[in-house]
Amino acid sequence: MNAPIIDPLQGDFPEVIEEYLEHGVMKCIAFNRRGTLLAAGCSDGSCVIWDFETRGIAKELRDKDCVAAITSVCWSKYGHRILVSSADKSLTLWDVVKEERIARTTLPQTPLQARLHPGSSTPSICLACPFSSAPMIVDMNTGNTTVLPVSISDTGNGVVPPSRNRFSDGSAPFSPTAACFNKYGDLVYVGNSKGELLIVDHKNVLICGIVPVPGNAVIKNMVFSRNGQYLLTNSNDRTIRIYENLLPLKGGLKFLEESNHAGDEQDGFEKLKAVGSRCLALFREFQDSITKVHWKAPCFSGDGEWVIGGSASKGEHKIYIWDKAGHLVKILEGPKEALIDLAWHPVHPIVVSVSLTGLVYIWAKDYTENWSAFAPDFKELEENEEYVEREDEFDLMPETEKVKESDVDEDEEIDIMGVEKDSAFSDSDMSQGEICFLPADPSPDVPEPQDKFVGSNSKQGDSNQSVSALSEEAGQSGRLTSHISTPLEGNIKSEFS
Amino acid sequence: MANNGNPTQAYRPYSLKKILTNHTRAVSCVKFSKNGKLFASASLDKTLSVWSSETLTKLFSLTGHSDGISDLAWSSDSTYICSASDDRTLRIWDARSAECVKTLKGHSDIVFCVNFNPQSNLIVSGSFDDTVRIWDVKTGKSLHIIRAHAMPVTSVHFNRDGSLIVSGSHDGSCKIWDASTGALLKTLIDDKVPAVSFAKFSPNGKFILVATLDNTLLWNYSTGKFLKIYSGHKNRVYCIASTFSVTSEKYIVSGSEDHCIYLWDLQGKNLVQKLDGHTDTVVSVTCHPTENMIVSAALDNDRSVRVWVQH
């Protein structure tokens, strides 16, 4: 861990575009748990896994049966599996290491988002949010789907709302709903078109609690922070809301059941609301009161200290960064291309955004030279310090030689083997054989006519000489020194659809 | 030769098990693979040899470089070897098929030192052109070219999680770099003299073992202070590699220009054993990851690789 020598004075959020990744037209992205790999779903149905350290392609998951655009991509907890949902209404579950398809299911409607159950290392259960009907739990092994209730009338325990046109499966027409698992997957949180947050026990298909969101606007996205303590909702009233999760992280469902029996409110809607108020508490609201912009793909930073949201306005690529207290700290502005997806790195102050053109931009802190690093005895101060010299500081004292005092105990025991647990990851790591990186096999050189002898007049050596034809095609990344839009125009290929 | 640390355990000395002569010129480097099954030696005769740790016999040679080799490194899964050569290139060899898979070109002078990161998707190299380069293993491209020093870079090493790189140079400085951005994070030593001939991280990444001419020191790099000094050996000219021995008690092992191998107790800093037998400067030593075995290599007058075990 290099924590002791990284400068703590700089804010922990990105500032400029450092680099961009290009491979076909990418549509959606997801980091693995440690942020060492970035999966990207493409418009041609394939899913590309980038090695985030080398910014090169580590693997490509391609299925000949699926050629429609990928709508969402999701990692299993320890990186063994990836779930992709596609515009051809299918869900595909992949084994990452073997690059094999484990299962494939087709749903009645295109799933806009699909998330694997976060509680297991080899999950086969997932939560899918279709285009315009209720979210459902899909078992990838059997293909069974369980539709989740999106309003209390669906489960018959409350007032029946006035009848509207319904689909044959009973769900209301064009009611987009957002849904997500909580941290360990025992509960599903659903946001419906009436602006209500429902806490659902997905095993028993039962609504346990309801939280009405102020404004009652349609909820478009929902996501938990990595530590499971905060829930973010993005509503049609152009407001992002943060709720504090009042349930215990582990065993949230059990706690709910126990408190249900304990409460003495009457049954029905009121009781559900009372339970809901014990599960979530509104913490903050974010909106841009001047431009009143709609938000796209909002999410938390890895440590939950920052919230980011992309502007959904076409033709601009703006990312707003707020701190948890609600202050807007930065607006990142990229090239004039709409933003379609956003992700914050689990550990580093790095943000990755996907533009409509299919490029993935990597935003990082602006690199400033750390001048105190150049000499061993320089030390950075937070502010100017007043120095008062001693009375005899500048006196000449020829007889006493200045000896460098070593105030170090040279007999102290040193531990060269002991390693501390990484504080950023609270769950036990290595026991599950987590996949942190994919083995890198060097792609063989294409034999050149004068292979073995280095030219005698090579000066500052262009490193591209050794790149084989294979790797040129496989994926490119470009480096930018600033985020102005002009340098990119020349690089954008015309192959995107 | 009393052991300061643990009075109840008597020190069990190492003794020579076998002498392996194969190279036709000075041997510059020996390294065990991470799984301990093999070790490789690099030589000024432009070849590398791969040996079995169990039978202590040579398995095969790797040829292809057009000039002498100064350093080699194993990938974490013990499949690939990377060699740094005076012909200004690095080569990645597949240790299973004994073939050269890739050549990394870019340095404008002798490449002197090399190492893989723990994930083995990156290679760091230091050269006489004063730069440190970070290479992508898969594509062979230079991801970062760092103008690291004012004189030849003698040593480069990644820390335990691959986030930092330490580099040492003839210009007397030892610097720590951020592996993902190539940014300078800290300068450990800045005196022009003596040259830093070797630097590597401790197994847990918290300390740095630095060799300057005539002294070997253990530094705590976050406080910037050195903690232990190991001396008594002779090191005025060559870049002699030292290492940690952690399979039984903790020792620091180093070669020396007086043809011996020195072992010091890590905590007590006292000299525990001096292994003699080589007939020239012992320039490289490596310790087996799990067994008490040391392999050493020496320069032109000797040209042998020697295997030492503890009884």
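A: B:Phe39 counts as buried because its relative accessible area is 0% (buried means under 20%, exposed over 50% and partly exposed in between, with a 1.4 Å probe and protein chains only). The model is a predicted one, in which local features need pLDDT of at least 70 and side-chain atom pairs count only at pLDDT 80 or more, whereas totals for chains, interfaces and linings use all residues; side-chain values use heavy atoms, without hydrogens and water. Residues are numbered from 1 along each chain as its sequence is written, while chains are lettered from A and ligands numbered from 1 in the order in which they are written.

B:Trp51 is likewise buried, at 4% relative accessibility. Over all chains, the structure holds 15 aromatic pairs; rings of Phe, Tyr and Trp (its six-membered ring) pair if their centres lie within 6.5 Å, and planes under 30 degrees apart count as stacked, over 60 as edge-to-face and the rest as tilted. One of these pairs joins B:Phe39 and B:Trp51, which are stacked at 6.1 Å centre to centre with 10° between the planes. This pair links distant parts of the chain, since B:Phe39 lies in strand β3 (residues 38-43) and B:Trp51 in strand β4 (residues 48-52) of chain B, twelve residues apart. Strands (E, at least two residues) and helices (H or I, at least four) are DSSP runs numbered from the N terminus.

B:Phe112 and B:Phe128 make a tilted pair, because their ring centres are 5.4 Å apart and their planes stand at 40°. Here too distant parts of the chain are linked: B:Phe112 belongs to strand β10 (residues 111-116) of chain B, and B:Phe128 to the loop between β11 (122-127) and β12 (132-136), 16 residues apart. B:Phe128 is partly exposed, as its relative accessible area is 28%.

In chain A, one aromatic cluster is formed by A:Phe286, A:Trp295, A:Tyr320 and A:Trp322.
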